[in-house]
Amino acid sequence: MGLSTPDTSHLRDPQFASVYEPAEDTYLLLDALENDRARLHAQRPTICVEIGSGSGCVSAFLGQVLAPHGSLIISTDINPAATLATQQTTERSSGPAVFTQCRMRFVQALEQRLQGSIDVLVFNPPYVVTPEEEVGGTGEAAAWAGGCDGRVVVDQLLPHVSMLLAPGGAFYLVVIEENRPDEIIQLMTAQGLDGERVLERRAGRERLSVLRFTKKQGV
C-alpha cells in the first residue's frame, strides 16, 4: 500500500500566498523517497534536514517514509510564511517523527552543530533558468528563480554537502536538464560522494530528475 500525500489544504489561506505549492517536482521527490524506503529504513536515520521546505509536504512525507523509526526532521526556509506552512503541514502528520522548523537560509545557523551529523538531506531548489536579479528574496520567486543555468542557489550549497552528511548519509536533489545534472554528479564525486539519477520524469517542457548522493564511509 502506497503512502498518502500530506494534507496541504491550509495553503488556500491568503497568508500562504507566497508559499510554493506541491507540484510535479514535489511529487517526483516524494516518489523517489518512497522508492528508497527500504534503503532508508536500513540506514535508520537520526537527523534529517529539508532545505527550502515550502509547504512542508516533503518533510511530512519523509516522516511517513521513515516510520516506525522516529527521526528528527528539521525543515528550513527563508520565507516566514513557508516556515509556518511547514509547521501546520507536519502537525497534521501522524507517526513517531519529531519535526522542527527554522527560518534560515540553508542550515546556516546550525551548520557547525550539524557537521557530519545529517543522515538524510533533501533539497528541491530554485532551479528555473532566470535573470540573476530574480534570485534571492523571501517571496514566492525565491522558490523557483535559479539564475544562470538555474544553478546559482544550488552551487552555493554543494560545497557544504559532504561536510554536513554523516558517513553513509544521503542527499536528494531535484534538478532539470538545464542545470547540467551530469556535471553536478561529477562535482559531488570529487567531494567523495557517490551520485546517480534515481528517478526522472517529464513535466511539460521540463525534464525533471532526482539525484541521490551517498557519502562514503570514512570520508
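Leaving aside its neighbours within four places in sequence, with which residues is Val154 in contact? The partners of Val154 are Pro125, Leu173 and Ile184, where contact means heavy atoms within 4.5 Å.

1. **Basis of the note.** This is a predicted model, in which local features need pLDDT of at least 70 and side-chain atom pairs count only at pLDDT 80 or more, while totals for chains, interfaces and linings use all residues. Residues are numbered from 1 along each chain as its sequence is written, and side-chain values use heavy atoms, with hydrogens and water left out.

2. **Overall layout.** The protein chain has seven helices and seven strands, where helices (H or I, at least four residues) and strands (E, at least two) are DSSP runs numbered from the N terminus. The radius of gyration, taken over C-alpha atoms, is 16 Å, close to the 17 Å that the globule rule gives for 219 residues, so the protein chain is as compact as a globular protein of that length; the rule itself is 2.2 Å times the number of residues to the power 0.38. Along the principal axes, the C-alpha atoms fill a box of roughly 50 × 40 × 35 Å.

3. **Cover and contacts.** Of the 219 residues of the protein chain, 51% count as buried; buried means under 20% relative accessible area, exposed over 50%, and partly exposed in between, with a 1.4 Å probe and protein chains only. Among contacts between residues at least 6 apart in sequence, 74% join residues at least 24 apart.

4. **Val154 and helix α6.** Val154 has its place in helix α6, and with 2% relative accessibility it counts as buried. Between the C-alpha atoms of Val154 and Lys215, which are 61 residues apart along the chain, the separation is 18 Å.

5. **Helix α7.** In this helix, which covers residues 181-189, the residues Pro181, Ile184, Ile185 and Met188 are buried. Seen down the axis of α7, the buried residues fall within an arc of 100°, so they line one face of the helix; the arc is that of the directions from the helix axis to the C-beta atoms. These buried residues pack against α6 (152-164), β5 (165-176), β6 (193-203) and β7 (206-215).

6. Helix α3 (residues 57-66) is mostly covered, since ten of its ten residues are buried, among them Cys57, Phe61 and Leu66. The peptide bond from Ala67 to Pro68 is cis, with omega near 10°, and Pro68 is found in the loop between α3 and β2 (72-77). As background for this point and the next, most residues other than glycine have a negative phi, and most peptide bonds are trans.

7. **Two positive phi values.** Arg44, in the loop between α2 and β1 (47-51), has a phi near 50°, a positive value in a residue other than glycine. Phi of Phe106 is likewise near 50°, and Phe106 lies in the loop between β3 (98-103) and α5 (111-114). Arg44 counts as exposed at 53% relative accessibility, whereas Phe106 is buried, with a relative accessible area of 10%.

8. **Two further helix residues.** Ala42, in helix α2 (residues 37-43), counts as exposed at 66% relative accessibility. Pro80, in helix α4 (residues 80-91), is partly exposed, with a relative accessible area of 41%.
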